[in-house]
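Me: I'm new to this one. Can you walk me through it in short answers?

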Amino acid sequence: MEVPERLISAIKSGKVVLFLGAGANYHGKLSNGGAIPLANSLSRLLCNRFDIPESDNLTDVAELIEATYSRKELNRYVVELLTGAVASNAFNLISTFKWNSIYTTNYDLLVESAYKKPHAIQNLKVYHTSDESIDLGENDVPLYKLHGCISKADSIEGKLIITPDDYAEFRKYRARLFNRLADQLYDKPFLYLGYGRQDPNFRTILAEVHDQMRGDIPEGFALFPGKTEHHDKVWNGKNVTLLDIDVDEFLEYLNNELSDRDYSQKLEFKFPISKQYEAITLTDIPEILTYFSLPIYQYGDKLNPFKFYKGSEANWIDLHNKVDAERDLYNEIMLELLEDSISINTNTQVTSYCLIAEAGAGKSTLLRRMAFDLSNDFEQLVFWYKGERRINLDIIQKIFKETNKRIFIFVDRASKFIGNLDTIRRDSNALSIPLTIVMADRANEWNYYSSRSYTFTNSWTMGKLSDTEIGKIINKLEDFDCLGNLKDLTEEQRLVKFKEYSDRQLLVALREATEGKDFDELILEEYESIPNTNAQRAYLHICCLHAFGKGIRTSTLARSLETPLSKLYDFLAPLEGLIDFKDDVYTARHAIVSQIVFFSLPESLRIDLLTQLIERLDLGFLSDKHIFRSLMNNDELIYNLGDINIRRRLFEALKEANPSDAYIEQHEARMEIRSVNEGGSLERAERLLKSALKGTRNALSVRHTTGTLYNKRASLSSGFEKRAYLSKAVSEFDDLTKKSFDNDYAWVSLIESRIDFSACLENREAQLSELARAEADYQRALESCGTTAFLLRAKGKLEAALGHGEDARDFFIRAISGVAPPAALFANYIRWELRHKNIEAARSASRKAIELYKSNSELQVLMAKSLILGEDWNLSDVVSLLIDAQRTSANYYKLEAHYWHGVALWESERFTDAMSQFEICRDIASKLNRADVKNIRYISGMNKGIPKEYTGSLVMNSPTAAWIICNPGAVKVYIRQKDIISGFDSMKISIGFNRLGPIAINSREISTFSFDEVV
């Protein structure tokens, strides 16, 4: 029979997905020379071997053997029977064709054997269960063993699907393998060889896909010797073409038809390639391109400056056309890179550089610009790391061996790969391979993923836009006709207007300056203007995951939207210009945009959307596994997601999606501990940690969280109970340092717990003895880990406990002097300076911190606080900070932002507006479980050193409450009974503020308040 040309063409292109049923091995032989049995033959062989009544029903026979003998006996026979089986010569030709992927329900190892033949043109990677990570290179083909394998028959991952119970529960271990099969049925041509038409699982999947796509599925092909017109009619309705030919005949026919096929690994560039890459052997390039892309513009790329200026990632074609404005740091960094390039044999073979900035500041564009120019203008060997696979040292060695040139690797969002990069850096240095790694990252991510201080050849932080940079940006906007609202202004007016927004992220400044509206408003207008509900749903799904820094795969998006892949384009077409698509992953133009859209949703809709997406993730794919971890690990976004019940729903969804991952319980426990003032339960945290310890075999990170739980319990206790909890924390962390001596977090926790424990001891001698142990721990930590930012903070706290204030300050300052110091260290230092009345130092540190962490609500509040507590501050500056904090924070820091907003308005004599802010404070405080909301934290006028004097007229006095009209202001303020002067309706008062609002204080009592208490 003639095989359709369209099938041959699809096979030649490598697009076909191959499905192998039992009939595919029809011409193969067992080790004893017998035929490889089909299901009914295997059933009869089992009956004969175990002496049970003959039957052709394999599942029933297998169930009886398992019940009468044992599963082990059943497995042993099947394994012995199929071990050593040999495929026909024709079957072995399978490995000479390029397949998209291979699925099989066969237990044997014939496919694996075929790919061990020297003629195999792809590398076979075998997957048995849903939990295995899919990591495929350019020339890899996956084999999914849906029904188990004789090589792992007695294990969970390779369990043979053979009894009725096996079929009923197979999805527990291989559900995602079948999901992948279903995904690929949507948009890939399928070829069924030896397809068992009675296979209930595959028939169900085919029916489901056919139903969802309303018959609009890609064409499939099935070998069906002896087919009839009736068979054609049935299967044509499912868009499956039947071929009247058996497997061996087909493969031999295909071999002859494609005899001139050339599968040698060649890379045909359809665009100019710089000569420095030409020395690399063509056979190595496909492997190289699984790790890296080359900074070369392609003729097929489209230039779209409008999309770039609205926040999309710069493509190489954008950089070729110079749509980006030169940044001040460009020349300084490029000079260092070019110095590296002129000498291969230097004392330091490997150099590394780091560029840190807030999200939206333009660091990724600057990094790409330097990679592009270094490659195209200076002809250096530059590779842009994709971040999909761990870099293999072998590939670095190959490149250097073939080129004998310095290798430049550029890595964005580098902190996530820092372990791999550090290993490559160290090993390359040992092998004298000249390598330069140029990294960039957001400050907050660098500190989350990079747990220790790394030494760089040099590092830079991008701050506010300079006047020079603003001028260059405006010129670029004019060159590409993207000035928007700036178009009709003079050059000087444009500069002035743009500078109004220059303290914001570059992304935000570009939009606000050219469109004349608040950035959040612009983004939400874009969302609301999407023309139909389906497109809006698709955009929300994309923004939901991108808000957590991750894109969504095409098949995951289609499943989540419950639409076939063939119809997905209809959902996405109206989103042109709003979304980006790269490497089968969709994102919004920028994570900042996604966060605005996602967090504009009500809390209940946010969590509904997230849980729906979590259900659709396929954790076998590395990209989906990274999404899963981001949802589990991203503390900041988790706490802003909603109240404690919303957060718990997130963790329940994560546990349901991956019940075997005990670390989810650890992260949930961390959330409960941190949320204790918002309804979090320490008892619940303790139960979660006990379960996590069992599931992770006492993993060190889980034990660290257990120590943190003891510390939190101590902070809520007093006396003997407090000492007992701190003693447990010290013991836990001390043991951790012995098991993980190079873990600086364990050492920091131990030292700081000892300091807290010492403060609970009854005499100074005992305190000093405990502090001496903390000092000894610090010295051991330096030997084990070197100097890290958090160790410097711990040392600062130790010096403070010893009464060495200036030494403590020095260590706190050193802690925030490295590459992208963590926001928590800035916050610690700012509070220290405020507590010691060093307002200007606190302000200076706040400005530095905000440059790195513009959207960090804690730092925004602290900067506003440092302004208010000093003199000469501008209300608009303070309010701008606090409004940002109110928008981006949840619960405690939202309360803090509204509280200081109210204080700032009061001190500016906008009393009615201030009372509105305090009304919001009372609403937020009612949802928190904080005992300190009634503590007075600020007294009007204290920033000037003298409490401001008001007069108050008593308007209500009862045993339960008393109120006074405060002047100036004419607002009703609560007054404590003890502050009322008997017999007087009017009195002189001061105004203090707790988190619920203003309180009148008798002026005679004001001396009882200290600056230390209120800051």
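**A first walk through the model**

Me: Where is P968 found?
Reply: P968 is found in the loop between β19 (962-967) and β20 (971-975). Strands (E, at least two residues) and helices (H or I, at least four) are DSSP runs, numbered from the N terminus.

Me: And which peptide bond is cis?
Reply: The one from N967 to P968, with omega near 0°. In general, most peptide bonds are trans.

Me: What should I know before reading on?
Reply: This is a predicted model, where local features need pLDDT of at least 70, side-chain atom pairs count only at pLDDT 80 or more, and totals for chains, interfaces and linings use all residues. Residues are numbered from 1 along each chain as its sequence is written, and side-chain values use heavy atoms, with hydrogens and water left out.

Me: What is the mean pLDDT of the chain?
Reply: The mean is 86, and 90% of the residues reach 70 or more. pLDDT is the predictor's confidence in each residue, from 0 to 100.

Me: Where is the pLDDT below 50?
Reply: Over residues 263-271. Beyond near neighbours in sequence, this stretch has 20 contacts in the model. Contact means heavy atoms within 4.5 Å. Where pLDDT is low, the predicted coordinates should not be read in detail.

Me: New topic. Which residues of α10 are buried?
Reply: In α10 (residues 247-257), V247, D248, F250, L251 and L254 are buried. Buried means under 20% relative accessible area, exposed over 50%, and partly exposed in between (1.4 Å probe, protein chains only).

Me: Why are they on the same side of α10?
Reply: Because they cover an arc of only 160° around the axis. The arc is that of the directions from the helix axis to the C-beta atoms.

Me: What covers them?
Reply: The cover includes α1 (5-13), β5 (190-193), β6 (220-223) and β7 (240-243).

Me: What happens at the start of α10?
Reply: A side-chain oxygen of D246 reaches to within 3.3 Å of the backbone nitrogen of D248.

Me: Now phi. What is the value for E562?
Reply: E562 has a positive phi of about 55°, although it is not a glycine. Most residues other than glycine have a negative phi.

Me: Is E562 buried or exposed?
Reply: E562 counts as exposed, because its relative accessibility is 59%. E562 sits in the loop between α24 (554-561) and α25 (565-572).

Me: What about D872?
Reply: Phi of D872 is near 60°, a positive value in a residue other than glycine. D872 is in the loop between α41 (857-868) and α42 (875-888). At 76% relative accessibility, D872 is exposed.

Note on methods. A polar contact is a pair of N or O atoms within 3.5 Å; within protein, one must be able to donate a hydrogen and the other to accept it, and residues adjacent in sequence count only if both atoms are side-chain atoms.
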